Amino acid sequence: MSVSQDTSARAADPGCGDKRRLQKTKTPGVFKRVDGKGRTIGYVCVFRSAGRQRKRHARTYEEAKRIKRESETDRDRGELQERTTIGLLRYVDEWVERYRGQGRRGFRESTREEYRRLIRAYAHRHFPRKLKLVDVSTYALARYMDWLADESEQGRRLGDRTIANAVIPLRAALATAKREGLIRHNPAQGLAMPQREQLPEQEVKVFSRDQLAALLAMAPERHSALFELLAATGLRISEAIGLQRLHLQLDQSDPEVCVRRAIVRDRIVPPKSRYGNREVRLPAPLTAKLRAHLAAQADQDSTALAFPSEAGGPLDPGNLRRRVLKPLAEEAGAPGRARWRSALVAWRRRPRRSR
């Protein structure tokens, strides 16, 4: 049976079988698809490669002619690529589990976990599961970004950084698909952020001297040394809760804290860059308080956490902010999310070059 014949032998009786047919056009090898009522529902281009008949579908006549022309050119050059049938979402889910990164530092497991979250939260909500990897276009990705920027769709305004982060896993996955020969072009190349009206910049909320002093005075005894360390050094909470006793160098002439790691989402991770490894000097009053804090923890070796939870494991930064820091900040009259790294704090962060 030729491709121009009815594709269903069961279409004789009204209401039965598949009424779609292929009709010849002016271009050899390009056929129009029509339904039972004679309405055009698409186009098909047909060509031969390696002794086999191959079909590719298109929405318009011009697109079908272009696909046929490009396919035959690629065939003659020996560059014809079989169209993979794998779906976009299936490929991205598989990719994120095996990706190893492109840089010398490799790929952090914490980043993999964040990629998984972004894919589930956004890509799976937007793209249909039947969308094939080879059918992803720059237009489709641009509409994805428009969807992310649509406040009515998201129920809130996503920040520009959140939108950019949501697209990063797709960009990386499509780049991998191109390297692996599954697609000829990466549709994410040249993709631009949607232009939106910028909200007025909000003033950075920081602790004043009085607010910080009040907060430290009201801090629970078990967290007092930790909070003073945060105020004095400007360490991130994730860095402070990851400190081991050996990182607090308190008995040398210039006491200091050595930052070598952080705890992020229950994972121990190294600093993001070589500048994250640093030593920060400690003022004398804080040094004395840290000595007393460590002395109160009996029978601990040098690798034990300096600021453990009551159960002996790492503190949960979310719980610490929500249950302890936020109520204390409100009681001290400070913004709930005020920053420790304020120019108004009494102590100054003085990092030294790592030895």
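At what angle do helix α7 and helix α8 pack, and how far apart are their axes?

**Entry 1. Basis of the model**

I am working from a predicted model, in which local features need pLDDT of at least 70 and side-chain atom pairs count only at pLDDT 80 or more, while totals for chains, interfaces and linings use all residues. Residues are numbered from 1 along each chain as its sequence is written, and side-chain values use heavy atoms, with hydrogens and water left out.

I looked up the overall content and found 11 helices and 10 strands in the chain. Both are DSSP runs numbered from the N terminus, helices being H or I of at least four residues and strands E of at least two. Of the 355 residues in the chain, 41% are buried; buried means under 20% relative accessible area, exposed over 50%, and partly exposed in between, with a 1.4 Å probe and protein chains only. I also looked up contacts, defined as heavy atoms within 4.5 Å. Among those between residues at least 6 apart in sequence, 58% join residues at least 24 apart.

**Entry 2. Helices α7 and α8**

I return to the opening question. Helix α7 (residues 209-218) packs against helix α8 (residues 221-233) at an angle of about 160°, and their axes are 9 Å apart. That makes α7 roughly antiparallel to α8. The axes are lines fitted to C-alpha atoms, for helices over the stretch in contact, and the angles run from 0 to 180 degrees between N-to-C directions. Under 35 degrees counts as roughly parallel, over 145 as roughly antiparallel, 65 to 115 as roughly perpendicular, and the rest as oblique.

The crossing of α7 past α8 is left-handed; this term applies if the near helix is turned anticlockwise from the far one by less than a right angle, and right-handed applies if clockwise. I listed L212, L215 and L216 on the α7 side, meeting F227, E228 and A231 of α8. By class, this contact has five nonpolar, no polar and one charged residues. Here Ala, Val, Leu, Ile, Met, Phe, Trp, Tyr, Cys and Pro count as nonpolar, Asp, Glu, Lys and Arg as charged, and the others, Gly among them, as polar.

I also checked A217, which lies in α7. A217 counts as exposed, at 68% relative accessibility. Its C-alpha atom is separated by 9.8 Å from that of L328, 111 residues apart along the chain.

**Entry 3. The largest nonpolar core**

Which residues have the most contacts inside the largest nonpolar core? I found L215, L226, F227, L243, L248, L290 and F307, in a core of 38 residues. Such a core is a set of buried Ala, Val, Leu, Ile, Met, Phe, Trp, Tyr and Cys residues joined through side-chain atoms within 4.5 Å. Two or more residues each come from α7, α8, α9 (237-241), β6 (256-259), α10 (284-295) and α11 (317-331). Helix α8 gives the largest share, seven residues.

I then took single residues in turn. L226, in α8, is buried, with a relative accessible area of 1%. Leaving aside neighbours within four places in sequence, L226 is in contact with A240, F307, L315 and L320. L226 and L286 are 60 residues apart in sequence and 9.9 Å apart in space, C-alpha to C-alpha.

L286 is in α10 and counts as buried, at 0% relative accessibility. Residues up to four places away not counted, L286 touches A225, E228, L229 and A232.

For L248, with neighbours within four places in sequence left aside, I noted contacts with L243, E256, V257, L290, L294 and A306. Apart from this core lies another, of 36 residues, among them I86, Y99, F127 and L148.

**Entry 4. Helices α4 and α6**

Helix α4 (residues 138-149) and helix α6 (residues 160-179) pack at about 160°, with axes 10 Å apart. The two are therefore roughly antiparallel to each other. In this pair, α4 passes α6 in a right-handed crossing. I listed L141, Y144, M145, L148 and A149 of α4, which meet I163, A166, V167, L170 and L174 of α6. By class, the residues of this contact are 10 nonpolar, no polar and no charged.
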